[in-house]
Amino acid sequence: MTTKLFGEPVRRREDVRLTTGRGRYLDDIGHTALAAAFVRSPHAHARIVDIDVEAALDVEGLVAIYTYEDLTGRMAEPLPVLIPHPQLHAPRTGYPLANGVVRHVGEPVAMVVATDRYIAEDVCDRIVVTYDELPVVVGVDAAVAAAATVHDDVPDNVSAHHLQETGDVEAALRGAENTLSFTQYVERSASTPMEGKGVHARWDADDKSLRVYSSTQASTSVRAAIAAKLELSLDRVEVIAPDVGGGFGVKIVHPWPEELLVPMAAIALGQEVKWSEDRREHFISAAHERQQKQEITVGFDDDGRITALDAHIWHDNGAYTPYGIIIPIITATQLVGPYVIPVYRARVESMYTNTVIVTPYRGAGRPQACYAMERTMDRIADKLGLDRAEVRRRNLIQPDQFPYDQQLIFQDGRPVIYDSGNYQGLLEKLTALVGWDDVAGLRADAESRGRLLGAGMALYVEGTGPGPYEGGHVQVLGSGKVLVSTGLTSQGQGHETAFAQIVATELGVPIEDVEVTTGDTRRFGYAVGTFASRAAVMSGNAIALAARGVREKALRIAADVLEADATDLEIDEGVVQVKGTPGTGVPLRTLAVLSNPLRYAFDEAAQQATQFAGPGDASLPPVAVGDAPGLEHIDYYSPVRSTFASGAHAVIVEIDPATWEIEIVKYAVVHDCGTMINPMIVEGQVHGGVAQGVGGALYERMAYDADGQLQNASFMDFLMPYASEVPAVVIDHQVTKSPLNPLGIKGAGEAGVIPGTAAIASAIEDATGRRIASMPISPTELYDLMRDENAERTARGTGVLT
Amino acid sequence: MSVDLERTVSITVNGVPREATVPVRRLLSDALRHDLGLTGTHVGCEHGVCGACTVLVDGEPMRSCLLLAVQVDGRSVTTVEGLARDDGRGGQLLHPVQEAFRECHALQCGFCTPGFLTTIAAGLDARDNSVDITDDEVDELVGGNLCRCTGYANIKKAVRHAAATMKDPR
């Protein structure tokens, strides 16, 4: 009996090659390709006066140099605004190579192609660019003040005013029993995958076709963008995402300048060209996220129940807006979390600054939203002298209130209607898991050791699996192999395994026979991409539906062959048989052969399928009307709206009052992503997300100075957590299936990172009795805060100190 | 600068004598990957912090992005491709740490993995595995490499698993 693998912690199939050095990442491809390198702006804002390549021309190994002047047709136009929106009134994008102006350090100015990367960089060093520096805008406060502008024709530095509201919040606040207002900040961080971006392009001049490999999260979309910009017919371009060394959102943006320029050069030069960025390039020319200033006003009754919530947020979108206002939308719509918020307004001003562009990084605006909501809950609790878990409990949407309409419009243009969940259950499991009621005792113990101790928590609801669709193709070959493909991509989520589990279970075949391909436009042409925790929801369901189509056809053909009723048949270990009669059936591989009537018997299997093989009915065509040859099926899953996962984290910190070092001594997670295909993979996603949450709360910050120079553009000074910074995590699960899709799945990819900053801020505040209103926080900053007489103290003020 | 000084280096890589003629400024990471075709070693930062490029030079873990190829002329280098042993029957016997990584889901995207595998393999091979591994030893073995995907929990689990296997290879 084939074990049903769906829901099991199946060991990953991709690990066979990845643990033996046989992965195939972008830079592993194309050893004979020419190498591209870029001259990038050293200034945050400047006019390009002159580009002098004279000194570079005699470098041996130089093949070509390109500047904006060399771009023609659509390549000379601005890069696209991928996601326009009516409220994005001033979208601006850059050019593949800077057109007279640079607006952030790192913006590409010239592309060099040479015989290898070392020589290409030698050439870059010799190109002399003369700039006229312009005033620089860094940070939302400077953007708002607008003493200088990033774009001449955007005098207030505002790209969009995003508004979501469910009623008259000002009236509701006036009528509230209590109100409080506060301002808080969260700083920039970034996805920072271990592998940077890269592009390899090969033009086949005989065939007039282009093949591009890109370390991307959206190969179908990159394909469309390249075809459009290089003015090629779509069918002449194929794009493949190879093994990708992490994405976390930064690789969803497209087309990067390099994704257009490298293929352009490959076509012009008639040779393969490859570019893979180095770490410094990634810091200054990929994308960042997270920076926001938040002003919150909340109205609540004497029991701590919120009656009105008003959030005014300034979001730093960097120098350009290629990804539109997705992050502001997500912050605005996810802020309400698992709570009943009778009247809500969110205004998000998206601001230009002379810094790297801001596009989604795991969480994509949700961590900021959670930070706003959860810190509001903490302040309400503090004001009323209530337990922070209790205040949350009183505001939760109840288990019997689903589907729950928050009356907001999500990033997919569809309503925010929570399909299912049990937030009460999350909170109960969380308080038990972390030992919330024992904190007082832990605190006393810590104090006896001369240390401060505090606990914090944060809950979230996460819209996942937005559409518009994904597809799946399942095909059984005459060899018995089952090919599965879907158009979205993989960056370590284990899709080759999880999707194989689905097919193995649906089709009743050994998983060893199933081979999954993702992100290859040669294999599946219609797709959206991997982001917003959507792959399992979208491709998982599409693949399941495709597998069911194959199953249905297999049973239909087998019913004929076995002279049985399809409803009496089952598939076990890849063999279709009458239920409960092993050894009497017909293998799927034979059905695959039989499904394709042939004229020529070129091998034994084919012989079975030729038109002369069996009696057949001479009055019927070999391929019935409406049928097709082959044992395969393509299907799509397109959701009516997103499905909403949820979770809750709690953190206990100990702080050393001599060094102000913050140690996380307990990190508890309760997590609900509906049905889990592979619980081991889900847990891995949570672990990774938590590490990024901890990094964002305590260590990671993009340190731009007032001149727009990124001072920590390397791992020396941008502090990504090592193992020593990441606490052990205890995890409990809850499962509230989604009623919106056949498998009941909700997304899990971003969950781990969403509440980290909020929960850790809350814990530090609890430990020190000082208001924590700016994250991340370092020991030095905490030290300064503790010594600042004007620093706001909490009402409970449990911190003991100097 | 159009004429690079070149040198022919002889390096025993994964037990096999290899030769390459490289510019003297060629990093060992690039020489392994592009001149010798061993792309298992990955480059994550080129400033010696992330550890993805870690190889064993005469058995010692070193950052190949901080070494020039000419510096290991005449020496032996082990990359991730060389951790498995020949099983004498035409197949490969994986190092216990490679098996452990698979068993414990200690990798997701796999980009940092080679650097962890070489470092941990060297560390486990150098210790007395008849003694149980301690938490401090585990922390030491994983503490110098960055991973963005896994949060390290399963990597630590894999180290304990591998050490246990090496203690009791049944």
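The questions and answers below go through the domains, helices and chain contacts of a predicted model.

Residues are numbered from 1 along each chain as its sequence is written, while chains are lettered from A and ligands numbered from 1 in the order in which they are written. In this predicted model, local features need pLDDT of at least 70 and side-chain atom pairs count only at pLDDT 80 or more, whereas totals for chains, interfaces and linings use all residues.

Q: How far apart are the centres of domain 1 and domain 2 of chain B?
A: Chain B is divided into domain 1, residues 6-82, and domain 2, residues 85-167, with bounds that come from an automatic or database domain assignment. Taken over C-alpha atoms, the separation of the two centres is 21 Å.

Q: Which strand gives the largest share of the side of domain 1 of chain B that touches domain 2 of chain B?
A: The contact takes 17 residues from domain 1 of chain B and 11 residues from domain 2 of chain B, where two residues are in contact if their C-beta atoms, placed from the backbone, lie within 7 Å. Strands E3 and E4 (60-63) of chain B each supply at least two residues of this side of domain 1; helices (H or I, at least four residues) and strands (E, at least two) are DSSP runs, numbered from the N terminus. The largest share, three residues, comes from E3(B).

Q: Which strands of chain B do the buried residues of H1(B) pack against?
A: Seven of the eight residues of helix H1 (residues 28-35) of chain B are buried, so this helix is largely enclosed by the rest of the structure. A residue is buried if 20 or more other C-beta atoms lie within 10 Å of its own, exposed if 12 or fewer, and partly exposed in between, with C-beta atoms placed from the backbone. The buried residues include Leu28(B), Ala31(B) and Leu32(B), together with Asp30(B) and Arg33(B), and the buried residues of H1(B) pack against strands E2 (16-23) and E3 (54-57) of chain B.

Q: Why are H4(B) and H5(B) described as they are, and what is the word for their orientation?
A: Helix H4 (residues 135-142) and helix H5 (residues 153-167) of chain B pack with their axes 10 Å apart, at an angle of about 120°; axes are lines fitted to C-alpha atoms, for helices over the stretch in contact, and angles run from 0 to 180 degrees between N-to-C directions. Angles under 35 degrees count as roughly parallel, over 145 as roughly antiparallel, 65 to 115 as roughly perpendicular and the rest as oblique. H4(B) and H5(B) are therefore oblique.

Q: Which helix gives the most residues to the side of chain B that touches chain A?
A: Between the chains, 44 residues of chain B are in contact with 47 residues of chain A. Helices H2 (96-103), H3 (113-126), H4 and H5 of chain B are the elements that give two or more residues to this side. The most, four residues, come from H2(B).

Q: How many residues of domain 2 of chain A are in contact with domain 1 of chain A?
A: The assignment for chain A gives domain 1 (32-134 + 191-285), domain 2 (292-466 + 640-787) and domain 3 (467-595 + 630-637). The centres of domain 1 and domain 2 of chain A, taken over C-alpha atoms, are separated by 35 Å. Domain 1 of chain A brings 31 residues to the contact, and domain 2 of chain A brings 26.
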